[in-house]
Structure formats: C-alpha cells, structure tokens
Amino acid sequence: MYLLDYMEYHFREIEKKWQEYWANNKTFAAKNNSEKPKYYVLDMFPYPSGAGLHVGHPLGYIASDIMARYKRHKGFNVLHPMGWDSFGLPAEQYAIQTGQHPAITTKQNIARYREQMDKIGFSFDWDREIKTSDPEYYKWTQWVFIQIFNSWYNKNSNKAEKIETLIAEFEKNGNEKVNACCDEDTKSFTAAQWKSFSEKEKSDTLMQYRITYLGEAYVNWCPALGTVLANDEVKDGVSERGGHPVERKLMKQWSMRITAYAQRLLDGLDTIDWTESLKESQRYWIGRSEGTSLKFLINGSMLTIEVFTTRPDTVFGVSFVTLAPEHELVEKITSQEQKAVVDEYVTKAKNRSERERQADVNKVSGVFTGAYVEHPFTKKLIEIWVGDYVLAGYGTGAVMAVPAHDERDFKFATHFGLEKPQVITPNTEHDFATASWDEKEGKLINSDFLNGLDVKAAIKKAIEEIQNKNLGKGKINFRLRDAVFGRQRYWGEPIPIYYKDGIPQAMPENELPLILPEVDKYLPTEDGEPPLARAKDWKYKNQFDYEWTTMPGWAGSSWYFLRYMDAKNSGQLVSKALADYWGQVDLYIGGSEHATGHLLYVRFWTKFLHDMGHINVDEPAKKLINQGMIQGTSEMIYRLIDRNSNPSQKNDTISFEKDLILKTIHVPSIIKNIFISSEVAKKITSCVYKNAPIEFTKNSELDINSYTIWLNTEDKDAAFVCDGGYWYKGIFHAANNGGGNIFRTSPEVEKMSKSKYNVVSPDDICEKFGADTLRLYEMFLGPLEQSKPWNTNGITGVSGFLKKLWKLYHSPFEGGQAAGQGDVNMSDAEPTKAELKTLHKTIKKITEDIERFSFNTSVSNFMICVNELMDAKCNKRAILEPLLVLVSPYAPHITEELWNQLGHKESIAFEKFPEFNEAYLVEDNFNYPVSFNGKTRFNIELSATLSNAEIEKMILEAEQTKKFLDGKQPKKVIVVPKKIVNIVV
RNA sequence: GCGGGUGUGGCGUAAUGGCAGCCGCACCAGACUUAGGAUCUGGCGCUGAAAGGCGUGGGGGUUCGAGUCCCUUCACCCGCACCA
C-alpha cells in the first residue's frame, strides 16, 4: 500500500497549495504597461445573494478562466477581473425583515462568494476587485450621472454634448435652430425670451433637454416593493424579483433619455459579435418602425388628433380613429351623451394593473366618444373611439383604424359592428369577412390617387401627399422608452442632486461621493417618501434637501467594465491612457437574462462616455457568449392524500396493478402518513408530491432513515410503501405476493433553488472530487451555450481521467528516471513518431476547440491523448511537458503540481502554448474507405503519395472491387485524396 | 401570434459535405482483490445465427456522396407579446 502511495493523486493538498501560491505571488495580476497585446475577458457582474453559488454559476466563470489562462499561454497581457454588483433589492428586503444593515449582509455574502470562487481556482486579478456599494466606486457612478445630467443630445452632430453649448445657443438664438432629442412638449422661445426666463423657468426648460432629467412619466409602480421598476424588471405584469403586482402610475421621476440613442443602439448591433437571438431581442426592444404622422381635424373644433401609422397607403380604408384611454384629448372631445360611459371606461382602464391588462389582451373593449374627425382626404366624418388596445406610451397614443388591413382594428370593428372598407386587393385568395389582410402586398383600390399602385409604391406616394398637404410628415418611431432611473429604495447609490428653491442642482464633482446616509428604518416615511427622507440632518450645506430616490441596480453595472482597467484611480473614473490600452472587452460571458436590461444600458452609457471623449470605444464588448443555464434535478416524493377517500385503498390496504396482476399491500390503518414509492404512486390516483432533499437520494432511491430524521415530527411516524411491502420505523414488512423493498423518488428537471431542495454547491464537488474535476466536468457536460440539467452521473469519468493523467507522469515506465521532486518518472529520450503524432494531433484539436469556445470537445481530446500515451507507456519529457501546458487552462492545479515536480521553479501559467506542427501528422499510407453508390463496402490501404489516377487504377484492380461490381461497369469513380473513394455503378 | 434555438444509442454528447455514434456514463463479461463507489482487459445503435439489412424527429430536394446544404412539416425549449 505504501509503495503505491506516490501514484495517489491528493487533489486536496495540491489545490490548496497552488491556490495559496497564486494568491501570495499575485500570479494573475494584470500589467498596465506591457509589450504584449492585451486581452480582456470579463464575466457578468455577480450579485452576491445570500444563497451562495450553486454549480450553475461557475459554468461561465470556468469558460472565461480557460480563455484567460489560454491567452496568457499565447503571450497576451490578460485582464480577467471579478467584482460585485452589491447594491440591490434582496439585501434591502432582508434588512427590512431583520433590521440588519444591508451593508453587513452584503459583506457576508461577498465573503462567501469569494471563498467559493477561490476554491475553484480562478485566475482573477483580485487586486482590481470592485464593489458597486463601495463609496470609492459609487463616487464615479455619481460622477457619470452628473455628466449625463449636464448633457443634451444634439441630433445634428448625432452625439451628446455639454449643456453649456446648449445654453450658449439659447442665449444667441433661442431654441429655434436647436435640433435635439428633447421632450415632446418643448415650446419654442427666442434668445430674448430665454434671457427673461426666471431661474426656475430656465431650469425647467433645460430639464426638457438633459439626457438625465426629472420628468413626469407613466411608470411601473410596485406597491409591495414600494418602488418603481424598469420595463425589463417587470415580467408578465409582476415584478421579476418577488412576483408582486405592478401598476401604471404617473409620477415625477429621474429618467435617462436612452431613446436619444435608439438608432445608434440599433446600428451598433451590426458591429459586435453577439448571439443572433440576443441581438434580435435588442432590436425588438428598440422597435424601430418607419411611418408617418397624420393629423385628423376634429369636427367642430380647432383641435386635431395626430396619429402615427406605418401604413399611410391604407388611409382611404380608415373607418374610425381610436384614442388610448390616457389620451389628453379624450376628456376634451367627449360629447355630453357619452360622457358618463367614457369616464367610466377611462377610469376602469387606467386602474387596471399591468397584469390584468396583459391577461385581457384578447378581450376587446372600448367606447364611442360621441365626437368625429374629418377624413383628411375625403372629408368624410369618422367616429372617434377610446380603446385600451391603443397604448398611451407608443407613437401619439392614437391610431387611425383600418379594420380591413389591421388585425387589431379588425377585431375592434367586428366587436362593435363598425365598417371595414377594403382598399387593397391581395395577391392570393383572402376572405375579408373573417380576417384582415395585413401583408404589405397587393394592389390599391378605392383609394383615389393611390389606385392601382402596389403597397410599397403607395406608401411612398401617400407620404408625399400627406407632406404636400401639410397633414403630417414622415417619421421614425421607436418602441424603446426612456429608462426610469429613480428608485424609492434605500440600498442604492444616492443621486447627487440637491434642491435649492425647488430647483434641482447637481453637486459639484469635487464633493463626491455623496455617501449613503444611515436611517432608522429601511421603509418609506409616514408620508410615503422614500427611506432616505428618514436620514437625520442629511442636507446639502446643511440647508438644501437632497434627492431622496436612489439609483437602480443597473447604474453601477453600466460602466464597471471600465473601472477594472484602473480600479484604484482616485482622480478619474479611468485614466485615458488605460481606457485606450484596454479598450473593449474582448470576450464577455454571462446569462441571456440580461438581454434587454444590463446589456442595453451598458451599451448606452458606453456610447455616452464615448461622445464626451472619456473613452475611445463606443461598444463595451466585441464578443459575447451566453452560457446555458444549469438546471437542478429535483427528486419528488409521493404521498397518499387521504387513504380513506379512495375506494381502492380501503380496509388497510393499498392496491395497484403490476404486470397485469393486482397487488395488495396491507398497511395498518393506525398509520396515518403514507409515502408511496414512485412506480407504485403512478398507479394510484390519490397522490400528491413534493420535493425531497436530493442529499437523501441516490439514483432516485430514498435513504428512508435519513429522510425520516429530517422530516418534521408529524411525518416521522410514516410508512413508506414499496411495491413489495412497506417500511415502518426502520422495519420492512413484506407483502406476501413478492416485489421489492426499494423506495423510489421521481426525478424532475427544474430550476435550481433552495426551496426545491435540489441545489448542488460547487463546494461539495470540490471537497469530493476536487476543483480540477469540477472544472473539467462542467465543461464536459456539453456545449457552453446549451442549457442542461446538473447530473453527477458522469463525473467519475472525468475524475478518473485526472487520476490517469497523474499516473502517466508517475508510472515507472521503461527508460525513465526520477526527475525533479515527487516521484515523477521521466525520460529525455527522443519521442517516437506515434507519440509525436498523438501530441500534435491534440495540440491542433485543443487550439481549434478553444478558439471556437468548444470546451466540451477539448476534454474528450485530452482523454484520447492520455489514453494513447498510456498505451504507449510514454514517459518522454518532450511529450509530457507540452501536454501539461495544453491541459493547464482547464485543470490548473494538477498541471502546476506536475510542472513543479518535473523540476520547474516558475508557475506554468506563462509557459508558451505548444505550436502545432503539421509534419508530425503526415502519414505514409492512407486507409481508403471504398464506397459503391455512397455505401462503404471495404477499406484499402494505399500510399499517401499516389495520384488520383493511380488510386483509381489500384482500386479498380482490387479483388474486393470486382466482387462488389459484380460484372457491371463503373460509371464514374470519385477519388478524394486522403478522404474517400466512391464508385458509381 | 412573432423572434431565436434544439431534435443523433439506455443517458450526456461527437462528427471543415466524405467510414454516423469519438469521449464519458450506465450496463454486460472477465482479471486482480478479504472487500470495492479502487484499478486493469474486452464487449456494447437496432435487427439478424450469419451474410446482411435498417438507422441522425417526419416528408421532399440538391449532390458521386447529406446528421451537416435547401424546401416543407412535426415536437420540444427559451425570449417577446395589442408597438399602429
């Protein structure tokens, strides 16, 4: 036993040793000055939750770490940092419940995450660690806010500019010539008027132009959380975190004019290598549509209703106009007779929660206002309706309804019996009685000057006419809304604004950070003000109230990739030199759930900072990969609901059919709680199931004893029915008609979560198999992007591979001798041709695999390589040293140890990655598969140097060929050198 | 409904248009062992005694040759959803 000890692979000691070595030597600290080319690989910012990491979290981190380590071997100066998105709702909710300051729980959670990450052996540069809740960090988040506050978007230069340039223009020319992204209701004024404005008026006017502004907007208000939420934080009408109902509410809020960047956010997508689905999500979210505005004069009034339409070609098919319930004209135009119904409808529609509204998408509702507009071309009178299918926030909040050519208008018209004039003849059969024709194809009819044109030409012509007659103009609309930025919460960055005479003022930059004050409770005040209103004596210069809302979770993460470049700079967000050196993130890895939140905001802020000249790049990440989600495998346990309610389970028995035989198990009726093994439960109707903790099951077999101990008191007195009897208090009572005593649970794939008792922690895997095994195994599970359930069934294969790798270096193969320390056994002899071929084949594959992020196939290739070298009893240093470098990005601990044992003093981390040499793969012969009509029949070994004609000749002369030709003449012979020969008969 | 993706052994998966199923798990047989959740050897798509036949969700096409390309259809997963 002792003699064999050198063969043992003691991963616990090895991993601890090298993790300490890397930390003590700062092995992975990125250099800010380097001759080497740079490579920046970043993981999406984790939020340190109280639950700790589960095995799904490291998947992306392992992939990015492999990339980081690989690039170091390839001679790059690698930036691979990690930090914490540490402001956020969960810590605050916990604080509200327990009174514990969120800073304390956050600190504990970060420590736990850090500890877990350290065990996996990531090559992060921890000197650059950042936390968004750290004043040293959020000072710069506040600084960016002030930059955005002090900017306006100039459509002429198509970028953000300093607000001073706008003020100068106002002083010179008023706003007549200003072409800016600003509020819709901005009034025009002259230079003289501007100069006569009061402070307040000037502030209010500028507010309509600032890129972050205080404005009234419909927001997603979540009463349960007591805060507003961004659109991407609302899913199916409820809050993404916690699932609380959300309603629309008009509130004064700090917002970000992200809509100014809509077109650039759209265009930028074509310049970055992100997944198509992610780009599509963003394109859809931005939602660009080209169309025209069109004014309808309200009959008997000077007012007009402006609509936005992408189908001006259908203007002669308009049969009514619909306003959103929130539309400001509704109140003004409603007739006396209709007032009561309209008021009722509007009130009801406004009060409906987002969820109700979404649930009723297919229910048609609306009311007639009693008012009419004139058709702009025919002058015919058209009814004005109110309908909640028209959204207040999109376009103008009003539509011209063309029931024959718009599905939604069709439904509305059908429901209320309104006319559906057809103006397009489709190019295929279509029944206008049952559905609208929405396709942009066909010929125009009944449309005056548009008659005979096809749709595309008609759209063009209609816009021309509308513009000629001054009825409206061509316009591009975006679905993207400005992002609400203020949160009525405590645990976030304070917004660096104070109010002087009701006028919001940005704090001077040199007074930042504005520290988050202490409060007595993390709840709103009695008056409904945000928690920060509770802070005692918290006033700017002791006299001016600060802004009481805080920034949303996405503020800190919208620019963090820049801070890692220069994490300790106290004078600047990032120095220009370092921002230029590190540039873009080369590889960004994270979950697809950030598609329309973080990933849109970070692009927005990056473009803004670029406009202001702080950085040179205008997209944060060149390449982005979404790692798949690792789901959990839950184990469900069945329980009999009420044994007396089911006729078949009476008289102390449980009966079910198995293999066509009715089986009966007697369980005394004194036992009330009965669990049923899954295969039995499936044959009984009266069962419910719940999650059993997975640690009590193995291959879906339940450890009844451990589970019983874990159960609460009442359930401890339970019977566990198997198909051959039942367990009760540790004793098995066999039924007399055979069957087994194994109690099974039923596996089910679902999200990994504490409440489902299916969480697997990486710590457990590291403890049992080691970090290198965890790393390899997570990669081995399948392609990185694919979602998959966690399942440890295959882990022994990977752990066996590492043992075998270890053994390869320690086996006393012939010709070897002790080398370096440990018991490695090496030979300096020339490697054989076969050994070199194995090595170079592997170099080629691994290089290709990493370059295309195919980490799962690498693991297979390592296995093949080690199997071959083991069979060859290879102990050549010239083979085994490069092999370690190949494996080291994947399994860094074992390779460091072996590298060290081979006598090297330095870490393996910066060893040159082996170069592939084609020469070693060249073979003298090739074993040609010979196929007939595409079907392989036999193989024949031929010299690799033969010409196609020679190959064809030799194949046709071969004995087997004659057999398969069976006397027939070959029509054609296809020879693909070193691939295949195909004979067509 | 729209958008994106995935369908290959018992399972996870692999295959620049060129011998489908590499590698691993599970399983079967054997060796070494007091023992095996250790290690090693061999087998393992389905069917068939064998020769062979059949096989990448279904149907069609391009090609000497298709898991791979094209069309069509079905199923499942993810995202979005009254955006005029």
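Residues are numbered from 1 along each chain as its sequence is written, while chains are lettered from A and ligands numbered from 1 in the order in which they are written. In this predicted model, local features need pLDDT of at least 70, side-chain atom pairs count only at pLDDT 80 or more, and totals for chains, interfaces and linings use all residues; side-chain values use heavy atoms, without hydrogens and water.

Chain A has an average pLDDT of 90, and 97% of the residues score at least 70. Here pLDDT is the predictor's confidence in each residue, from 0 to 100. For the complex, the predictor gives an ipTM of 0.95 and a pTM of 0.92.

One open sheet holds 4 strands in the order 14-15-13-16, with mixed pairing. Helices (H or I, at least four residues) and strands (E, at least two) are DSSP runs, numbered from the N terminus. Two strands pair if DSSP finds at least two bridges between them. Strand 14 (366-374) and strand 16 (398-401) are the edge strands, and each pairs on one side only. From one strand to the next, the twist averages 25 degrees. Within strand 16, Ala401 stands opposite Phe320.

Helix 12 (residues 336-351) packs on it, touching strand 14 and strand 15 (381-387). The direction of helix 12 makes about 120 degrees with that of strand 14. Contact means heavy atoms within 4.5 Å. Axes are lines fitted to C-alpha atoms, for helices over the stretch in contact, and angles run from 0 to 180 degrees between N-to-C directions. Helix 14 (residues 407-416) lies across strand 13, strand 14, strand 15 and strand 16. Helix 14 runs at about 100 degrees to strand 15.

A further open sheet has 3 strands in the order 12-11-19, with antiparallel pairing. Strand 12 and strand 19 (474-478) each have a single partner strand, so one side of each is left without a neighbour in the sheet. The twist averages 40 degrees from one strand to the next. Strand 11 (residues 288-297) pairs with strand 19 over 5 bridges. Gly291 has Lys475 of strand 19 as its bridge partner. Helix 15 (residues 455-468) lies across strand 11 and strand 19, at about 45 degrees to strand 11. In the loop between helix 15 and strand 19 is Asn470. Asn470 is not a glycine, yet its phi is positive, at about 60 degrees.

RNA strand B is surrounded by 48 residues (a heavy atom within 4 Å). The closest are Thr310, Arg408, Arg479, Gln786 and Lys979. Sugar and phosphate make up 62% of the RNA strand B atoms that come within 4 Å of the protein. Helix 27 (855-871) is one of the elements that supply at least two residues of this surface. Helix 27 gives the most, with 6 residues.

Another pair places a polar backbone atom of Tyr389 2.8 Å from a sugar or linking oxygen. For a backbone N or O atom of Asn793, the distance is 3.0 Å.

Elsewhere, the peptide bond from Leu512 to Pro513 is cis, with omega near 0 degrees. Pro513 lies in the loop between strand 22 (503-506) and strand 23 (539-540).

Terms used: Polar contact = N/O pair within 3.5 Å; in protein donor to acceptor, adjacent residues only side chain to side chain.
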